[in-house]
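Here is a short report for a first look at a structure.

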Amino acid sequence: MSAVVPAAARSAGRRAPQSRLEAVAGTAFALPAAILILAVLIVPLMVLAVLSFTDYRLGAVGMKAVGLDNYAALFADGVFRRSLTNTFLYVAIVLPVSVFGALFIAILVQARARTRSFYEVVYFLPVTSTLVAMATVWQFMLHPALGPVGTLSVDLGFGRVDLLNDPDLALLALAAIGVWQVIGFNMVLFMAGLSVIPRDLYEAAALDRAGGAVDRFLTVTWPMLGPTTMFVTITSSITAFKVFDTVVVLTRGGPLGSTETLLYVLYLEGFQYFRIGYAAAMTMVLLAFLVALSVLQAFALDRKVHYQ
Amino acid sequence: MRLRGIGKAYGSTGVLHALDLDVRAGEFLTLVGPSGCGKSTLLRIIAGLEVQDAGSVEIGDRSVDDLLPGDRDVAMVFQSYALYPHLSVGRNIATPLEMQRLTLAERLPLLRSLSPRRPRIMRGIRAEVAAVAAQLRIDHLLERKPGQLSGGQRQRVALGRAMVRQPRLFLMDEPLSNLDAKLRVHMRGELADLHARLGATFVYVTHDQAEAMTMSDRIALMDSGRILQLGTPADLYDRPGSLAVAQFIGGPPINVIDALADGGGGVSVGPVALPVPCSLPAGTPIRLGIRPEAVELAGATDGESGLLPARLHRAENLGAEWILQCVLAGGDLLAARLSGAAYNAAALRPGSAVLLRIDGPHVHVFDVQGRRVPASAVSLAAGAA
């Protein structure tokens with residue numbers, strides 16, 4: 001198009017047409033991605049938000065706006081409140097154990113020369129397996145009569161313990177499985193983080209009298225793992241918040257609702273009772289928690305972990 | 001500091017071979033050599049970062065072989081500076097003092113606030129850090145993180161972290177190699193000044209002979225895990241013990257040409273007899289090391305003997321002087337260092353025929369194995385004639 005403009009005119013107003021052309025081209029390039037984001041993320045989210053203010057039920061012909069009724073009902077609902085408590089409890093156990101446990105194991109495994117890859121594979125195996133399939137194995141393991149855990153607890157003198165059917169212990173058992181599932185993944189991330197710490201820093205620390213295990217960790221390892229730790233913490237907490245499959249397969253929220261978690265209750269409301277509007281409100285709450293968590297961690301940790 | 005019979009091997013590859021070295025108190029000693037000669041390994045053994053297979057390291061008349069790096073009273077400046085990226089400049093410099101003077105509990109978050117003596121110790125540390133920073137002129141940078149500093153500034157911080165401990169021995173592992181050429185020359189001067197001011201012992205590792213020559217009291221030139229020659233910069237330049245030393249020291253590098261002893265107290269290059277004193281039997285093959293400044297242009301009309309005919313290949317302008325790259329009749333290259341005035345007077349062009357006069361007494365004579373022909377053999381010739 002600019003080729004037909006006479007040379008004099010073009011040189012006089014070159015700046016404007018060219019930058020306009022660039023703007024058009026830029027928009028054209030950005031458009032497919034923008035449409036995709038809109039279609040698969042923004043619009044569904046908005047539909048969800050709108051549904052959460054209605055009494056829509058799956059298959060119903062009509063629906064009507066109910067304002068904040070769903071949210072009011074939600075926070076008055078004992079089941080929902082209990083699921084919130086259970087979820088937070090679950091996260092409170094899984095998050096620290098899976099993050100610090102993974103860090104501990106990563107440091108130990110990192111120091112191995114020959115057996116390192118063996119341990120990497122062993123710890124990573126649970127990540128590659130399907131949790132639903134592995135949950136059946138756990139069901140056998142934890143079975144009070146058949147499983148080795150039950151036999152062990154008898155041998156140790158704790159008597160016959162039925163972890164999955166004890167209201168005080170069931171959530172703990174699920175948390176243990178949750179840790180087992182995610183710790184290998186976190187360990188691999190930490191090992192990647194450990195491997196890029198310059199050896200010079202450890203040597204400088206050794207000359208600065210920070211050569212002992214604790215001082216090395218506090219002076220070099222822990223600060224240098226900052227970005228890794230932030231990432232691991234965020235992904236682990238989101239994974240823990242969304243605990244679902246082990247609940248469905250192993251306890252179905254029982255015994256006595258002691259393992260009812262946010263996502264499980266949400267699933268019941270939406271897909272078993274078809275109360276879509278109510279489930280949408282619940283989803284919004286879950287979403288709010290996850291967003292708040294990510295933002296909080298990003299802000300709190302970001303200030304301390306980036307050096308450049 | 002004293003090294004006795006230091007040996008080190010990685011697998012079957014020997015890196016250091018029964019190496020002895022005495023470093024005098026307060027001296028600036030440079031370990032220089034090509035990469036892979038073992039100089040860095042030696043420095044790391046002195047620091048305690050690596051353990052030698054044989055021999056012993058003594059610092060101040062006491063073996064430090066059983067001491068951890070932090071207890072040897074040495075400080076090290078790394079090639080990469082190895083600053084703690086998460087700590088401010090001030091905290092980086094303070095770290096060695098904090099480690100030394102505070103207990104673990106006094107350094108831990110929360111717990112440290114319980115210590116009644118911590119505030120007093122920290123005040124002392126801050127004062128010392130400020131003093132060191134002022135000396136290095138980085139006192140305005142104490143709050144910055146290393147990532148916000150230029151290469152030269154990081155270099156100073158690394159120096160500050162070493163200085164603040166007031167160690168008996170400073171170890172420096174190619175500290176200038178990450179700087180640009182101009183800054184490197186500048187920091188060379190600063191390091192030499194710093195050494196003079198602190199009066200501490202410096203052991204400095206570099207592969208750059210110019211750094212070694214400009215800063216050192218003494219140089220240990222290393223190759224293949226051995227010290228080839230130990231001496232002052234002037235020793236190494238004027239009396240190289242071997243061809244390898246002569247070739248490593250000096251820029252532009254020394255000219256090396258093949259010659260024969262003529263049996264009459266001189267040498268000959270092809271048909272030309274050169275006035276280089278040498279008493280070896282006639283026909284003994286030798287190698288001559290001729291510094292570029294020992295070569296000068298001779299006017300074609302002088303009619304004197306002992307001039308090497310050559311052709312000018314290329315002239316390099318260094319500002320105050322010129323380096324002429326000449327090709328001898330045999331095809332050997334010979335570089336000559338000339339003042340600007342002498343070059344202009346000669347009015348040369350590439351391809352011009354030139355006659356080169358060799359400053360015989362300043363030529364180094366080596367045998368074919370590269371060993372220096374002893375001075376006795378040279379002076380003996382002078383006596384016989």
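The report below starts with the contact between the chains, then turns to domains and a hairpin.

**Where chain A meets chain B**

This is a predicted model. In it, 20 residues of chain A are in contact with 26 residues of chain B. Together the two chains bury about 2,000 Å². Carbon and sulfur atoms account for 62% of that area.

Which helices of chain A each supply at least two residues to the side that touches chain B? They are α9 (199-207) and α10 (213-224). The top contributor to that side is α9(A), with 8 residues. By class, the side of chain A facing this contact has 12 nonpolar, 2 polar and 6 charged residues.

**Two domains in chain A**

Chain A is divided into domain 1, residues 1-51, and domain 2, residues 69-302. The centres of the two domains, taken over C-alpha atoms, are 43 Å apart. Contact between them involves 4 residues of domain 1 and 7 residues of domain 2. The side of domain 1 that touches domain 2 has 4 nonpolar residues, with no polar and no charged ones.

The table sets out the two contacts.

| Contact | Residues in contact | Buried area | Carbon and sulfur share | Salt bridges |
|---|---|---|---|---|
| Domain 1 of chain A with domain 2 of chain A | 4 residues of domain 1, 7 residues of domain 2 | about 420 Å² | 83% | 0 salt bridges |

How many residue pairs are in polar contact between domain 1 and domain 2 of chain A, both at pLDDT 80 or more? The count is 0.

**A hairpin in chain B**

Strand β1 of chain B spans residues 2-10, and strand β2 of chain B spans residues 13-22. The two strands run antiparallel. They are joined by 6 bridges. B:Ala9 stands opposite B:Gly14, which belongs to β2(B).

What lies between the strands of this hairpin? There are 2 residues between β1(B) and β2(B). In this hairpin, B:Gly11 takes a positive phi near 60 degrees.

Conventions:
Residues are numbered from 1 along each chain as its sequence is written. Chains are lettered from A and ligands numbered from 1 in the order in which they are written. This is a predicted model: local features need pLDDT of at least 70, side-chain atom pairs count only at pLDDT 80 or more; totals for chains, interfaces and linings use all residues. Side-chain values use heavy atoms; hydrogens and water are left out. Contact means heavy atoms within 4.5 Å. Buried area is the accessible area (1.4 Å probe) that two parts lose on being put together, summed over both. Helices (H or I, at least four residues) and strands (E, at least two) are DSSP runs, numbered from the N terminus. Ala, Val, Leu, Ile, Met, Phe, Trp, Tyr, Cys and Pro count as nonpolar, Asp, Glu, Lys and Arg as charged, and the others, Gly among them, as polar. Domain bounds come from an automatic or database domain assignment. A salt bridge is a side-chain nitrogen of Lys or Arg within 4 Å of a carboxyl oxygen of Asp or Glu. A polar contact is a pair of N or O atoms within 3.5 Å; within protein, one must be able to donate a hydrogen and the other to accept it, and residues adjacent in sequence count only if both atoms are side-chain atoms. Two strands pair if DSSP finds at least two bridges between them.
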